[in-house]
2 protein chains.
Amino acid sequence: MGANPEGLSLNLATTRQQWDMRQAVEACVRHGVTAISPWRDQIAAIGLDEAVRIVRANGMRLTGVCRGGMFPAADKAGRAAALDDNRRAIDEAAALGADCLVLVAGGLPRGSKDIAGARDMVAEGILAILPHARASGVPLAIEPLHPMYAADRACVNTLRHALDICEAAGEGVGVAIDVYHVWWDPELAEQIARAGRMGRILAHHICDWLVPTRDLLLDRGMMGDGVIDLRGIRRMIEAAGFRGPQEVEIFSSQDWWTRPGEEVLRTCIERHDTLCRA
Amino acid sequence: MGANPEGLSLNLATTRQQWDMRQAVEACVRHGVTAISPWRDQIAAIGLDEAVRIVRANGMRLTGVCRGGMFPAADKAGRAAALDDNRRAIDEAAALGADCLVLVAGGLPRGSKDIAGARDMVAEGILAILPHARASGVPLAIEPLHPMYAADRACVNTLRHALDICEAAGEGVGVAIDVYHVWWDPELAEQIARAGRMGRILAHHICDWLVPTRDLLLDRGMMGDGVIDLRGIRRMIEAAGFRGPQEVEIFSSQDWWTRPGEEVLRTCIERHDTLCRA
(Lines give C-alpha, C1' and ligand atoms only; values in the text may rest on other atoms or scores of the structure.)
Protein backbone atom coordinates (compact mmCIF):
# COMPACT_ATOMS: atom_id res chain seq x y z
CA MET A 1 0.00 0.00 0.00
CA GLY A 2 1.54 3.28 -1.08
CA ALA A 3 1.01 6.60 0.62
CA ASN A 4 -2.05 8.59 -0.43
CA PRO A 5 -1.17 11.57 -2.67
CA GLU A 6 -4.58 13.21 -2.30
CA GLY A 7 -4.47 16.84 -1.29
CA LEU A 8 -0.84 17.30 -2.31
CA SER A 9 0.46 19.80 -4.86
CA LEU A 10 4.03 19.84 -6.13
CA ASN A 11 5.62 23.26 -6.41
CA LEU A 12 8.02 22.69 -9.26
CA ALA A 13 10.86 24.51 -7.50
CA THR A 14 11.10 21.36 -5.37
CA THR A 15 12.34 19.35 -8.36
CA ARG A 16 13.82 22.25 -10.32
CA GLN A 17 17.23 20.62 -10.72
CA GLN A 18 15.80 17.26 -11.76
CA TRP A 19 12.77 17.91 -13.99
CA ASP A 20 11.41 20.44 -16.42
CA MET A 21 7.67 21.14 -16.33
CA ARG A 22 6.81 18.32 -18.72
CA GLN A 23 8.84 15.76 -16.81
CA ALA A 24 7.43 16.95 -13.51
CA VAL A 25 3.85 16.59 -14.72
CA GLU A 26 4.59 13.09 -16.05
CA ALA A 27 6.03 12.12 -12.68
CA CYS A 28 3.02 13.56 -10.86
CA VAL A 29 0.69 11.56 -13.10
CA ARG A 30 2.65 8.38 -12.33
CA HIS A 31 2.32 9.02 -8.60
CA GLY A 32 -1.32 10.17 -8.60
CA VAL A 33 -0.48 13.78 -7.74
CA THR A 34 -3.07 15.95 -9.46
CA ALA A 35 -1.88 19.48 -8.62
CA ILE A 36 1.27 21.46 -9.34
CA SER A 37 2.56 25.01 -9.13
CA PRO A 38 5.08 25.97 -11.80
CA TRP A 39 7.50 28.90 -11.86
CA ARG A 40 7.45 31.32 -14.75
CA ASP A 41 10.93 30.40 -15.98
CA GLN A 42 9.78 26.78 -16.12
CA ILE A 43 6.73 27.78 -18.16
CA ALA A 44 8.90 29.88 -20.47
CA ALA A 45 11.35 27.01 -20.95
CA ILE A 46 8.72 24.85 -22.68
CA GLY A 47 6.56 27.73 -23.93
CA LEU A 48 3.20 28.88 -22.56
CA ASP A 49 1.14 27.08 -25.23
CA GLU A 50 2.82 23.75 -24.54
CA ALA A 51 2.47 24.34 -20.78
CA VAL A 52 -1.28 24.93 -21.21
CA ARG A 53 -1.57 21.81 -23.38
CA ILE A 54 0.23 19.62 -20.81
CA VAL A 55 -1.83 20.95 -17.94
CA ARG A 56 -5.13 20.38 -19.77
CA ALA A 57 -4.16 17.01 -21.23
CA ASN A 58 -3.36 15.72 -17.77
CA GLY A 59 -6.21 17.41 -15.91
CA MET A 60 -3.74 19.13 -13.60
CA ARG A 61 -4.93 21.67 -11.05
CA LEU A 62 -2.57 24.62 -10.72
CA THR A 63 -2.50 25.72 -7.10
CA GLY A 64 -0.58 28.78 -8.21
CA VAL A 65 1.88 30.32 -10.61
CA CYS A 66 5.16 31.56 -9.08
CA ARG A 67 5.54 34.44 -9.19
CA GLY A 68 4.65 38.07 -9.63
CA GLY A 69 5.47 40.96 -7.34
CA MET A 70 8.91 42.56 -6.94
CA PHE A 71 7.28 45.98 -7.00
CA PRO A 72 9.79 48.37 -5.36
CA ALA A 73 12.32 50.01 -7.64
CA ALA A 74 14.59 53.01 -7.38
CA ASP A 75 12.83 54.95 -10.15
CA LYS A 76 9.52 55.33 -11.94
CA ALA A 77 10.68 53.42 -15.01
CA GLY A 78 11.70 50.47 -12.84
CA ARG A 79 8.35 50.45 -11.08
CA ALA A 80 6.48 50.66 -14.40
CA ALA A 81 8.52 47.77 -15.80
CA ALA A 82 7.58 45.71 -12.75
CA LEU A 83 3.89 46.42 -13.37
CA ASP A 84 4.19 45.36 -17.01
CA ASP A 85 5.88 42.15 -15.98
CA ASN A 86 3.16 41.48 -13.43
CA ARG A 87 0.46 41.94 -16.09
CA ARG A 88 2.23 39.34 -18.26
CA ALA A 89 2.36 37.02 -15.26
CA ILE A 90 -1.39 37.49 -14.79
CA ASP A 91 -1.94 36.58 -18.45
CA GLU A 92 0.08 33.39 -18.03
CA ALA A 93 -1.77 32.43 -14.87
CA ALA A 94 -5.08 33.07 -16.67
CA ALA A 95 -4.08 30.95 -19.67
CA LEU A 96 -3.12 28.12 -17.32
CA GLY A 97 -6.29 28.46 -15.25
CA ALA A 98 -4.26 28.78 -12.05
CA ASP A 99 -5.90 29.19 -8.65
CA CYS A 100 -3.82 32.31 -8.08
CA LEU A 101 -0.72 34.27 -9.01
CA VAL A 102 1.67 34.25 -6.07
CA LEU A 103 3.12 37.69 -5.30
CA VAL A 104 6.49 38.06 -3.62
CA ALA A 105 6.56 41.71 -2.68
CA GLY A 106 10.15 42.65 -3.44
CA GLY A 107 12.71 44.18 -1.10
CA LEU A 108 14.42 47.53 -0.78
CA PRO A 109 15.38 49.34 -3.98
CA ARG A 110 19.14 49.40 -4.48
CA GLY A 111 20.76 51.82 -2.05
CA SER A 112 17.58 52.43 -0.08
CA LYS A 113 17.15 52.08 3.68
CA ASP A 114 13.49 53.14 3.54
CA ILE A 115 11.51 49.98 4.23
CA ALA A 116 8.31 51.93 4.89
CA GLY A 117 8.70 53.51 1.46
CA ALA A 118 9.24 50.10 -0.14
CA ARG A 119 6.10 48.86 1.56
CA ASP A 120 4.14 51.76 0.11
CA MET A 121 5.44 50.82 -3.35
CA VAL A 122 4.15 47.27 -2.84
CA ALA A 123 0.68 48.40 -1.85
CA GLU A 124 0.58 50.81 -4.79
CA GLY A 125 1.85 48.15 -7.20
CA ILE A 126 -0.84 45.71 -6.15
CA LEU A 127 -3.54 48.36 -6.61
CA ALA A 128 -2.15 49.11 -10.06
CA ILE A 129 -2.31 45.53 -11.35
CA LEU A 130 -5.51 44.58 -9.56
CA PRO A 131 -7.93 45.72 -12.30
CA HIS A 132 -6.13 43.52 -14.84
CA ALA A 133 -6.10 40.59 -12.41
CA ARG A 134 -9.81 40.95 -11.74
CA ALA A 135 -10.64 41.25 -15.44
CA SER A 136 -8.54 38.13 -16.08
CA GLY A 137 -10.12 36.15 -13.28
CA VAL A 138 -6.78 35.63 -11.54
CA PRO A 139 -6.74 36.07 -7.76
CA LEU A 140 -3.53 37.63 -6.46
CA ALA A 141 -1.95 35.83 -3.50
CA ILE A 142 0.41 37.92 -1.41
CA GLU A 143 2.95 35.60 0.18
CA PRO A 144 4.46 37.12 3.29
CA LEU A 145 8.11 36.05 3.36
CA HIS A 146 10.21 35.37 6.44
CA PRO A 147 11.69 38.58 7.91
CA MET A 148 15.18 37.40 6.93
CA TYR A 149 14.20 38.27 3.35
CA ALA A 150 12.96 41.79 4.15
CA ALA A 151 15.93 43.53 2.56
CA ASP A 152 16.34 41.66 -0.68
CA ARG A 153 13.20 39.68 -1.52
CA ALA A 154 10.05 40.76 0.24
CA CYS A 155 9.26 43.60 2.60
CA VAL A 156 5.90 42.00 3.45
CA ASN A 157 6.92 39.73 6.29
CA THR A 158 3.86 38.94 8.37
CA LEU A 159 0.41 37.62 7.66
CA ARG A 160 -1.00 40.63 9.50
CA HIS A 161 0.73 43.03 7.11
CA ALA A 162 -0.36 41.04 4.05
CA LEU A 163 -3.96 41.01 5.26
CA ASP A 164 -3.84 44.75 5.93
CA ILE A 165 -2.90 45.20 2.27
CA CYS A 166 -5.73 42.87 1.21
CA GLU A 167 -8.22 44.81 3.29
CA ALA A 168 -7.20 48.10 1.76
CA ALA A 169 -7.17 46.70 -1.78
CA GLY A 170 -10.57 44.98 -1.71
CA GLU A 171 -11.66 41.87 -3.57
CA GLY A 172 -9.29 39.91 -5.77
CA VAL A 173 -6.30 39.83 -3.41
CA GLY A 174 -5.62 37.19 -0.78
CA VAL A 175 -2.69 35.44 0.82
CA ALA A 176 -0.50 32.41 0.25
CA ILE A 177 0.43 30.98 3.64
CA ASP A 178 3.82 29.27 3.56
CA VAL A 179 4.65 27.62 6.87
CA TYR A 180 8.37 28.31 6.38
CA HIS A 181 7.77 32.04 6.47
CA VAL A 182 5.18 32.31 9.23
CA TRP A 183 5.63 29.42 11.64
CA TRP A 184 7.46 31.58 14.19
CA ASP A 185 4.81 34.33 14.35
CA PRO A 186 3.20 34.68 17.79
CA GLU A 187 0.10 36.05 16.01
CA LEU A 188 -0.14 33.13 13.59
CA ALA A 189 -3.34 31.55 14.92
CA GLU A 190 -5.07 34.90 15.22
CA GLN A 191 -4.08 36.05 11.73
CA ILE A 192 -4.99 32.75 10.05
CA ALA A 193 -8.42 33.01 11.65
CA ARG A 194 -8.68 36.60 10.41
CA ALA A 195 -7.70 35.51 6.88
CA GLY A 196 -10.45 32.93 7.05
CA ARG A 197 -13.08 35.45 8.16
CA MET A 198 -11.98 37.66 5.26
CA GLY A 199 -12.18 34.68 2.87
CA ARG A 200 -8.66 35.39 1.65
CA ILE A 201 -6.69 32.17 2.00
CA LEU A 202 -5.67 31.21 -1.53
CA ALA A 203 -2.80 28.77 -1.03
CA HIS A 204 -1.00 26.75 1.65
CA HIS A 205 2.68 25.94 1.13
CA ILE A 206 4.64 23.44 3.19
CA CYS A 207 8.22 22.38 3.90
CA ASP A 208 10.15 22.48 7.19
CA TRP A 209 12.57 24.67 9.16
CA LEU A 210 15.84 22.85 9.77
CA VAL A 211 18.02 23.23 12.87
CA PRO A 212 20.61 24.30 12.02
CA THR A 213 19.68 26.18 8.86
CA ARG A 214 22.88 26.48 6.82
CA ASP A 215 21.76 28.93 4.16
CA LEU A 216 19.21 31.72 4.24
CA LEU A 217 17.63 30.75 0.91
CA LEU A 218 18.46 27.20 -0.15
CA ASP A 219 18.30 25.08 2.98
CA ARG A 220 14.61 24.35 3.43
CA GLY A 221 13.77 20.99 4.91
CA MET A 222 11.46 18.15 3.95
CA MET A 223 8.32 17.96 6.06
CA GLY A 224 9.15 16.16 9.30
CA ASP A 225 12.87 16.95 9.28
CA GLY A 226 12.49 20.27 11.11
CA VAL A 227 10.62 21.98 13.90
CA ILE A 228 7.41 23.23 12.29
CA ASP A 229 4.14 21.93 13.70
CA LEU A 230 2.75 21.17 10.24
CA ARG A 231 -0.36 19.35 11.41
CA GLY A 232 -1.19 22.11 13.87
CA ILE A 233 -0.92 24.83 11.26
CA ARG A 234 -2.99 22.78 8.79
CA ARG A 235 -5.70 22.48 11.45
CA MET A 236 -5.74 26.28 11.82
CA ILE A 237 -5.98 26.71 8.06
CA GLU A 238 -8.80 24.19 7.64
CA ALA A 239 -10.65 25.70 10.60
CA ALA A 240 -10.37 29.00 8.72
CA GLY A 241 -12.13 27.42 5.76
CA PHE A 242 -9.32 26.53 3.33
CA ARG A 243 -9.23 22.88 2.29
CA GLY A 244 -7.21 23.18 -0.92
CA PRO A 245 -4.04 21.18 -1.55
CA GLN A 246 -0.90 21.59 0.51
CA GLU A 247 1.79 22.67 -1.92
CA VAL A 248 5.31 21.38 -1.22
CA GLU A 249 7.93 24.01 -1.96
CA ILE A 250 11.48 23.04 -1.01
CA PHE A 251 14.63 24.91 -2.06
CA SER A 252 17.46 22.62 -1.03
CA SER A 253 20.73 23.02 -2.90
CA GLN A 254 22.72 20.57 -0.77
CA ASP A 255 20.14 17.87 -0.19
CA TRP A 256 16.86 17.39 -2.04
CA TRP A 257 18.01 19.05 -5.26
CA THR A 258 20.83 16.50 -5.42
CA ARG A 259 18.59 13.41 -5.13
CA PRO A 260 16.66 11.64 -7.91
CA GLY A 261 13.33 13.33 -8.62
CA GLU A 262 11.43 10.10 -8.03
CA GLU A 263 12.82 9.84 -4.50
CA VAL A 264 11.96 13.48 -3.78
CA LEU A 265 8.38 13.17 -5.00
CA ARG A 266 7.82 9.86 -3.23
CA THR A 267 9.13 11.36 0.01
CA CYS A 268 6.88 14.42 -0.36
CA ILE A 269 3.85 12.17 -0.78
CA GLU A 270 4.74 9.98 2.20
CA ARG A 271 5.53 12.87 4.53
CA HIS A 272 2.43 14.80 3.53
CA ASP A 273 0.26 11.75 4.01
CA THR A 274 1.62 10.85 7.44
CA LEU A 275 2.63 14.19 8.99
CA CYS A 276 0.69 17.04 7.43
CA ARG A 277 -2.99 16.15 7.38
CA ALA A 278 -5.20 17.96 9.87
CA MET B 1 40.19 65.81 14.85
CA GLY B 2 39.08 62.28 15.70
CA ALA B 3 35.53 61.06 15.78
CA ASN B 4 33.60 61.64 19.00
CA PRO B 5 33.18 58.43 21.05
CA GLU B 6 30.52 59.89 23.32
CA GLY B 7 27.38 57.81 23.61
CA LEU B 8 29.03 54.64 22.34
CA SER B 9 29.30 51.35 24.19
CA LEU B 10 31.37 48.41 23.01
CA ASN B 11 29.72 45.03 23.32
CA LEU B 12 32.74 42.82 23.81
CA ALA B 13 31.48 40.19 21.37
CA THR B 14 32.51 42.69 18.69
CA THR B 15 36.19 42.17 19.51
CA ARG B 16 35.87 38.68 20.99
CA GLN B 17 38.53 37.18 18.73
CA GLN B 18 41.00 40.01 19.32
CA TRP B 19 40.74 41.04 22.98
CA ASP B 20 39.88 39.65 26.37
CA MET B 21 37.92 41.86 28.75
CA ARG B 22 41.02 43.55 30.17
CA GLN B 23 42.47 44.32 26.75
CA ALA B 24 39.11 45.59 25.52
CA VAL B 25 38.75 47.97 28.46
CA GLU B 26 42.29 49.25 27.92
CA ALA B 27 41.50 49.90 24.27
CA CYS B 28 38.26 51.66 25.17
CA VAL B 29 40.12 53.90 27.60
CA ARG B 30 42.65 54.79 24.90
CA HIS B 31 39.84 55.76 22.54
CA GLY B 32 37.65 57.57 25.06
CA VAL B 33 34.90 54.97 25.04
CA THR B 34 33.43 54.87 28.54
CA ALA B 35 30.90 52.05 28.29
CA ILE B 36 31.12 48.34 27.53
CA SER B 37 28.96 45.24 27.68
CA PRO B 38 30.85 42.01 28.45
CA TRP B 39 29.74 38.40 27.97
CA ARG B 40 29.72 36.01 30.88
CA ASP B 41 32.41 33.78 29.41
CA GLN B 42 34.63 36.85 29.08
CA ILE B 43 34.00 37.74 32.72
CA ALA B 44 34.72 34.16 33.77
CA ALA B 45 37.97 34.11 31.79
CA ILE B 46 39.53 36.81 33.98
CA GLY B 47 37.43 36.12 37.09
CA LEU B 48 34.54 38.18 38.43
CA ASP B 49 36.63 39.96 41.08
CA GLU B 50 39.19 41.10 38.55
CA ALA B 51 36.40 42.14 36.15
CA VAL B 52 34.83 44.27 38.90
CA ARG B 53 38.20 45.80 39.71
CA ILE B 54 38.90 46.71 36.07
CA VAL B 55 35.45 48.20 35.59
CA ARG B 56 35.72 50.34 38.74
CA ALA B 57 39.33 51.37 38.21
CA ASN B 58 38.46 52.69 34.76
CA GLY B 59 35.09 54.17 35.63
CA MET B 60 33.42 52.06 32.97
CA ARG B 61 29.65 52.06 32.58
CA LEU B 62 28.26 48.62 31.83
CA THR B 63 25.35 48.96 29.45
CA GLY B 64 24.57 45.32 30.07
CA VAL B 65 25.86 41.87 30.83
CA CYS B 66 25.32 39.23 28.13
CA ARG B 67 23.47 37.09 28.87
CA GLY B 68 20.83 35.26 30.85
CA GLY B 69 17.74 33.56 29.54
CA MET B 70 17.67 30.21 27.68
CA PHE B 71 14.68 29.16 29.76
CA PRO B 72 12.95 26.38 27.77
CA ALA B 73 14.13 22.85 28.44
CA ALA B 74 12.69 19.41 27.81
CA ASP B 75 12.32 18.55 31.50
CA LYS B 76 11.87 20.09 34.92
CA ALA B 77 15.51 19.55 35.90
CA GLY B 78 16.67 21.40 32.79
CA ARG B 79 14.37 24.32 33.50
CA ALA B 80 15.50 24.47 37.13
CA ALA B 81 19.15 24.44 36.06
CA ALA B 82 18.43 27.37 33.75
CA LEU B 83 16.90 29.32 36.62
CA ASP B 84 19.95 28.67 38.81
CA ASP B 85 22.24 29.85 36.05
CA ASN B 86 20.16 32.99 35.60
CA ARG B 87 20.41 33.76 39.32
CA ARG B 88 24.21 33.51 39.06
CA ALA B 89 24.10 35.83 36.06
CA ILE B 90 22.07 38.32 38.09
CA ASP B 91 24.70 38.16 40.87
CA GLU B 92 27.47 38.90 38.36
CA ALA B 93 25.55 41.79 36.84
CA ALA B 94 24.92 43.17 40.34
CA ALA B 95 28.60 42.90 41.29
CA LEU B 96 29.55 44.74 38.11
CA GLY B 97 26.87 47.40 38.61
CA ALA B 98 25.50 46.75 35.11
CA ASP B 99 22.55 48.69 33.72
CA CYS B 100 20.79 45.39 33.00
CA LEU B 101 21.14 41.67 32.44
CA VAL B 102 20.28 40.90 28.82
CA LEU B 103 17.95 37.93 28.44
CA VAL B 104 17.94 35.82 25.29
CA ALA B 105 14.83 33.73 25.68
CA GLY B 106 15.97 30.38 24.37
CA GLY B 107 14.45 28.30 21.58
CA LEU B 108 12.55 25.06 21.35
CA PRO B 109 13.54 22.25 23.68
CA ARG B 110 15.22 19.38 21.81
CA GLY B 111 12.65 17.45 19.81
CA SER B 112 9.85 19.91 20.45
CA LYS B 113 7.67 21.60 17.82
CA ASP B 114 5.64 23.46 20.43
CA ILE B 115 6.71 27.08 20.15
CA ALA B 116 3.73 28.30 22.18
CA GLY B 117 4.82 25.97 24.96
CA ALA B 118 8.39 27.26 24.78
CA ARG B 119 7.06 30.81 25.04
CA ASP B 120 5.14 29.88 28.16
CA MET B 121 8.38 28.50 29.65
CA VAL B 122 10.10 31.83 28.94
CA ALA B 123 7.39 33.87 30.64
CA GLU B 124 7.42 31.49 33.62
CA GLY B 125 11.21 31.56 33.82
CA ILE B 126 11.28 35.35 33.93
CA LEU B 127 8.68 35.40 36.69
CA ALA B 128 10.74 32.88 38.64
CA ILE B 129 13.98 34.90 38.60
CA LEU B 130 12.38 38.32 38.90
CA PRO B 131 12.30 38.44 42.73
CA HIS B 132 16.06 37.81 42.84
CA ALA B 133 16.68 40.39 40.12
CA ARG B 134 14.62 42.99 41.96
CA ALA B 135 16.31 42.25 45.28
CA SER B 136 19.68 42.57 43.55
CA GLY B 137 18.80 45.82 41.81
CA VAL B 138 19.41 44.31 38.37
CA PRO B 139 16.84 45.16 35.68
CA LEU B 140 16.18 42.29 33.27
CA ALA B 141 16.27 43.24 29.59
CA ILE B 142 14.42 40.87 27.27
CA GLU B 143 16.06 41.07 23.87
CA PRO B 144 13.69 39.97 21.12
CA LEU B 145 15.78 38.11 18.56
CA HIS B 146 15.21 38.00 14.82
CA PRO B 147 12.62 35.37 13.83
CA MET B 148 15.36 33.36 12.08
CA TYR B 149 16.53 32.38 15.60
CA ALA B 150 13.09 31.27 16.81
CA ALA B 151 13.93 27.56 16.74
CA ASP B 152 17.36 27.48 18.33
CA ARG B 153 18.07 30.70 20.22
CA ALA B 154 15.06 32.78 21.14
CA CYS B 155 11.34 32.24 20.74
CA VAL B 156 10.70 35.89 21.65
CA ASN B 157 10.98 37.51 18.22
CA THR B 158 9.13 40.79 18.29
CA LEU B 159 9.20 43.86 20.48
CA ARG B 160 5.43 43.49 20.88
CA HIS B 161 5.83 40.02 22.37
CA ALA B 162 8.66 41.11 24.66
CA LEU B 163 6.60 44.04 25.93
CA ASP B 164 3.59 41.79 26.50
CA ILE B 165 5.82 39.69 28.77
CA CYS B 166 7.04 42.86 30.53
CA GLU B 167 3.48 44.02 31.08
CA ALA B 168 2.47 40.73 32.61
CA ALA B 169 5.59 40.53 34.80
CA GLY B 170 5.46 44.04 36.23
CA GLU B 171 8.37 46.23 37.32
CA GLY B 172 11.97 45.13 36.92
CA VAL B 173 11.74 43.81 33.36
CA GLY B 174 12.29 45.81 30.20
CA VAL B 175 13.67 45.34 26.71
CA ALA B 176 16.98 45.56 24.89
CA ILE B 177 16.29 46.85 21.39
CA ASP B 178 18.84 45.53 18.90
CA VAL B 179 18.31 47.00 15.44
CA TYR B 180 19.53 43.79 13.79
CA HIS B 181 16.61 41.86 15.22
CA VAL B 182 13.80 44.36 14.84
CA TRP B 183 14.55 46.65 11.87
CA TRP B 184 12.19 44.73 9.56
CA ASP B 185 9.17 44.92 11.89
CA PRO B 186 6.25 46.88 10.42
CA GLU B 187 5.18 47.65 14.00
CA LEU B 188 8.60 48.94 15.06
CA ALA B 189 7.71 52.63 15.51
CA GLU B 190 4.51 51.78 17.35
CA GLN B 191 6.18 49.28 19.68
CA ILE B 192 9.17 51.51 20.46
CA ALA B 193 6.73 54.26 21.41
CA ARG B 194 4.85 51.77 23.59
CA ALA B 195 8.10 50.69 25.27
CA GLY B 196 8.78 54.33 26.00
CA ARG B 197 5.36 54.92 27.53
CA MET B 198 5.93 51.86 29.69
CA GLY B 199 9.39 53.16 30.67
CA ARG B 200 10.95 49.85 29.68
CA ILE B 201 13.76 50.61 27.24
CA LEU B 202 16.94 49.41 28.94
CA ALA B 203 19.44 49.10 26.08
CA HIS B 204 19.95 49.94 22.42
CA HIS B 205 22.20 47.70 20.34
CA ILE B 206 23.47 48.55 16.87
CA CYS B 207 25.16 46.93 13.89
CA ASP B 208 23.83 46.49 10.32
CA TRP B 209 22.01 43.99 8.10
CA LEU B 210 24.17 43.04 5.12
CA VAL B 211 22.85 42.21 1.65
CA PRO B 212 23.58 39.44 1.04
CA THR B 213 23.80 37.92 4.52
CA ARG B 214 26.02 34.83 4.20
CA ASP B 215 25.46 33.25 7.58
CA LEU B 216 22.48 33.29 9.92
CA LEU B 217 24.57 34.01 13.00
CA LEU B 218 28.03 35.34 12.21
CA ASP B 219 27.60 37.80 9.35
CA ARG B 220 26.44 41.00 11.00
CA GLY B 221 27.60 44.19 9.36
CA MET B 222 29.33 47.34 10.60
CA MET B 223 27.01 50.33 10.85
CA GLY B 224 26.64 51.89 7.43
CA ASP B 225 27.50 48.76 5.45
CA GLY B 226 23.93 47.48 5.34
CA VAL B 227 20.33 48.56 4.94
CA ILE B 228 19.21 49.54 8.44
CA ASP B 229 18.04 53.11 8.97
CA LEU B 230 20.14 53.51 12.12
CA ARG B 231 19.54 57.22 12.54
CA GLY B 232 15.80 56.81 12.07
CA ILE B 233 15.56 54.07 14.69
CA ARG B 234 17.71 56.08 17.12
CA ARG B 235 15.29 58.98 16.69
CA MET B 236 12.37 56.74 17.63
CA ILE B 237 14.25 55.46 20.67
CA GLU B 238 15.22 58.92 21.89
CA ALA B 239 11.69 60.18 21.28
CA ALA B 240 10.57 57.29 23.50
CA GLY B 241 12.81 58.65 26.25
CA PHE B 242 15.95 56.48 26.08
CA ARG B 243 19.19 58.41 25.70
CA GLY B 244 21.66 55.82 26.94
CA PRO B 245 24.64 54.66 24.89
CA GLN B 246 24.29 52.81 21.61
CA GLU B 247 26.01 49.47 22.12
CA VAL B 248 27.82 48.04 19.10
CA GLU B 249 27.41 44.29 18.88
CA ILE B 250 28.84 42.68 15.75
CA PHE B 251 29.35 38.94 15.21
CA SER B 252 31.42 38.72 12.04
CA SER B 253 33.49 35.60 11.60
CA GLN B 254 34.66 36.38 8.08
CA ASP B 255 35.27 40.12 8.36
CA TRP B 256 35.48 42.17 11.55
CA TRP B 257 36.67 39.30 13.74
CA THR B 258 39.64 38.89 11.39
CA ARG B 259 40.79 42.54 11.57
CA PRO B 260 42.98 44.19 14.23
CA GLY B 261 40.94 45.22 17.26
CA GLU B 262 42.16 48.81 16.97
CA GLU B 263 40.75 49.08 13.46
CA VAL B 264 37.44 47.59 14.55
CA LEU B 265 37.03 49.93 17.52
CA ARG B 266 38.10 52.98 15.52
CA THR B 267 35.59 52.10 12.81
CA CYS B 268 32.81 51.61 15.38
CA ILE B 269 33.51 55.06 16.81
CA GLU B 270 33.59 56.75 13.40
CA ARG B 271 30.46 55.08 12.09
CA HIS B 272 28.52 55.72 15.28
CA ASP B 273 29.57 59.36 15.29
CA THR B 274 28.66 60.03 11.67
CA LEU B 275 25.76 57.65 10.96
CA CYS B 276 23.96 56.72 14.14
CA ARG B 277 23.23 59.86 16.13
CA ALA B 278 19.63 61.06 16.17
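A polar contact is a pair of N or O atoms within 3.5 Å, where, within protein, one atom must be able to donate a hydrogen and the other to accept it, and residues adjacent in sequence count only if both atoms are side-chain atoms. The model is predicted, so local features need pLDDT of at least 70 and side-chain atom pairs count only at pLDDT 80 or more, while totals for chains, interfaces and linings use all residues. Residues are numbered from 1 along each chain as its sequence is written, chains are lettered from A in the order in which they are written, and side-chain values use heavy atoms, with hydrogens and water left out.

**Exercise 1**

Determine which backbone oxygens the side chain of B:R200 reaches, and decide whether B:R200 is buried or exposed.

*Solution.* Begin with the backbone oxygen of B:M198, which the side chain of B:R200 reaches at 3.4 Å. Next, a polar atom of that side chain lies 2.7 Å from the backbone oxygen of B:V173. Finally, B:R200 has 9% relative accessibility and therefore counts as buried (under 20% relative accessible area, with exposed over 50% and partly exposed in between, using a 1.4 Å probe and protein chains only).

**Exercise 2**

Describe A:D229 by its accessibility and by the backbone nitrogen that its side chain reaches.

*Solution.* First, because its relative accessibility is 37%, A:D229 counts as partly exposed. Then follow the side chain of A:D229 to the backbone nitrogen of A:G232, which is reached at 3.0 Å.
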